[in-house]
Amino acid sequence: MSPKPSSSPAAAPLRRGGPSNPLVAVLVYDGLCAFEFGCAAEVFGLARPELQAELRGRAWYRFETCAAQRRPLRGQYGLSLRADAGLERLAEAGTVIVPGWRGCDEPVPAEIAAALREAHARGARVLSICSGVFALAAAGLLDGRRATTHWRYAPALRERYPRIDVDAGAIYIDEGRVLTSAGSAAGLDLCLHLVRRDWGARIANHVARRLVIAPHREGGQAQYIERPVQRSERSALAPLLERVRRRLAEPWSVAELARLAAMSERSFLRRFKQATGASPADWLIQARIERARELLETTDAPLERIAGDAGFGSAITMRHHFRRKLGIGPRDYRERFARGSR
């Protein structure tokens with residue numbers, strides 16, 4: 001399946017000074033999905049004193065938990081917790097996160113659906129991770145929108161909520177103030193995407209380094225590849241991929257890549273697809289787009305220079321690929337996504 005852009009960046013203009021309302025309220029419930037909750041807590045709940053110079057006195061996120069019940073809750077793996085506040089707190093948040101749900105067959109209480117609707121109506125951004133999409137769907141927040149979830153929940157979501165445009169291929173989708181992600185680890189990608197929206201690439205990359213994960217995965221990237229990747233396959237290609245990333249301006253051909261990998265071209269193409277889920281050409285274009293995005297966000301370099309540094313050769317070629325993959329040209333991307341300190 002060919003990856004599709006996750007959303008139009010124009011749908012969510014960036015404010016590089018951070019969110020106007022830094023309160024992140026996370027819905028917790030009996031049966032809480034612990035990993036999905038951990039994704040939100042790790043990105044938004046940690047104090048980050050090492051970022052004080054970058055933040056320039058602006059407030060980082062404030063993290064609170066909210067629940068319908070004011071008693072201790074039982075989560076997965078024997079986890080027990082008590083929420084900081086009730087559902088009424090959701091309406092005061094700038095960002096509301098639903099980290100999973102008890103299951104696609106478990107009804108969402110009317111009071112939770114109503115609280116999510118009110119929060120959104122008051123201007124909050126509402127995010128779901130994995131099966132949390134069913135809470136947003138029950139609240140009617142996804143009607144007429146694109147949304148994603150874990151691929152195994154997608155058929156049930158389509159059947160029960162036909163007004164939702166379900167894209168089971170994306171790892172996350174940004175519809176402006178309503179955002180959804182696929183299973184588990186894709187929640188980290190979505191949370192980092194929101195940090196990038198709020199603060200820019202430099203701070204998002206710092207958070208990613210602390211998490212020891214890739215700083216950015218495009219939302220339209222496929223959720224899974226054709227078969228499980230053997231560790232030996234990843235290890236064999238990892239040095240080559242890193243070499244290419246460091247030298248994107250060079251004209252890499254399949255023949256040259258296969259030679260460096262000590263494989264025939266046919267074997268190399270097969271192994272590359274198995275290990276990355278993409279053809280070498282598609283992978284290289286995506287890597288060049290990511291490099292160009294970083295330069296557009298963090299430098300004042302002319303477009304021609306950025307195109308050369310990223311390996312596109314010319315600004316015309318770079319503009320073609322940006323519009324095809326992101327739905328926006330490099331100049332417009334820079335205007336919307338450039339760092340606020342410029």
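Okay, hi everyone. What you see above is a predicted model, where local features need pLDDT of at least 70, side-chain atom pairs count only at pLDDT 80 or more, and totals for chains, interfaces and linings use all residues. Residues are numbered from 1 along each chain as its sequence is written, and side-chain values use heavy atoms, with hydrogens and water left out.

Let's start with the sheet. Helices (H or I, at least four residues) and strands (E, at least two) are DSSP runs, numbered from the N terminus. Two strands pair if DSSP finds at least two bridges between them. In general, strands of a sheet pair through backbone hydrogen bonds, either parallel or antiparallel. Here we have an open sheet of 7 strands, in the order β5-β2-β1-β6-β7-β11-β10, and the pairing is mixed. At the edges stand β5 (85–86) and β10 (172–174), each with a single partner strand, so one side of each has no neighbour in the sheet.

Which residue of β7 is the bridge partner of Ile97? That would be Leu127.

Let's stay on β6 for a moment. Buried means under 20% relative accessible area, exposed means over 50%, and partly exposed is in between (1.4 Å probe, protein chains only). How many of the 5 residues in β6 (residues 95–99) are buried? The count is 5 of 5. Thr95, Ile97 and Pro99 point one way, Val96 and Val98 point the other way, and all are buried.

Next, the helices around the sheet. β6, helix α3 (residues 110–121) and β7 form a right-handed β-α-β unit. Right-handed here means that, with the strands pointing away from the viewer, the path from the first strand over the helix to the second runs clockwise.

What about helices packing on each other? Contact means heavy atoms within 4.5 Å. Axes are lines fitted to C-alpha atoms, for helices over the stretch in contact, and angles run from 0 to 180 degrees between N-to-C directions. α6 and α7 pack at an angle of about 150°, with their axes 7 Å apart. That makes α6 roughly antiparallel to α7, because angles over 145 degrees get that label, while under 35 is roughly parallel, 65 to 115 roughly perpendicular and the rest oblique. On the α6 side, the residues that meet α7 include Leu188, Leu192 and Trp199, and the α7 side includes Ile203, Val207 and Leu211.

Side chains of opposite charge can pair when their charged atoms come close. By our rule, the count comes to 17 salt bridges. One of them joins Glu50 and Arg210, with the closest N and O atoms 2.9 Å apart. This pair links distant parts of the chain, 160 residues apart: Glu50 is in the loop between α1 (34–44) and α2 (52–55), and Arg210 is in helix α7 (residues 201–211). Glu50 has a relative accessible area of 38%, so we call it partly exposed, and Arg210 gets the label partly exposed at 39%.

Now another pair: Asp198 and Arg125, with the closest N and O atoms 2.7 Å apart. Asp198 lies in helix α6 (residues 186–199) and Arg125 in strand β7, so the pair ties together parts that are 73 residues apart in sequence. Buried or exposed? Both Asp198 and Arg125 are buried.

My last pair is Arg291 and Glu294, whose side chains meet in a salt bridge at 3.5 Å, N to O. They are 3 residues apart in helix α11 (residues 280–298), so about one helical turn separates them. Arg291 is partly exposed because its relative accessibility is 31%, and Glu294 is partly exposed with a value of 33%. Salt bridges can also share partners: Glu64, Arg89 and Glu92 are joined that way into one network.

Methods: A salt bridge is a side-chain nitrogen of Lys or Arg within 4 Å of a carboxyl oxygen of Asp or Glu.
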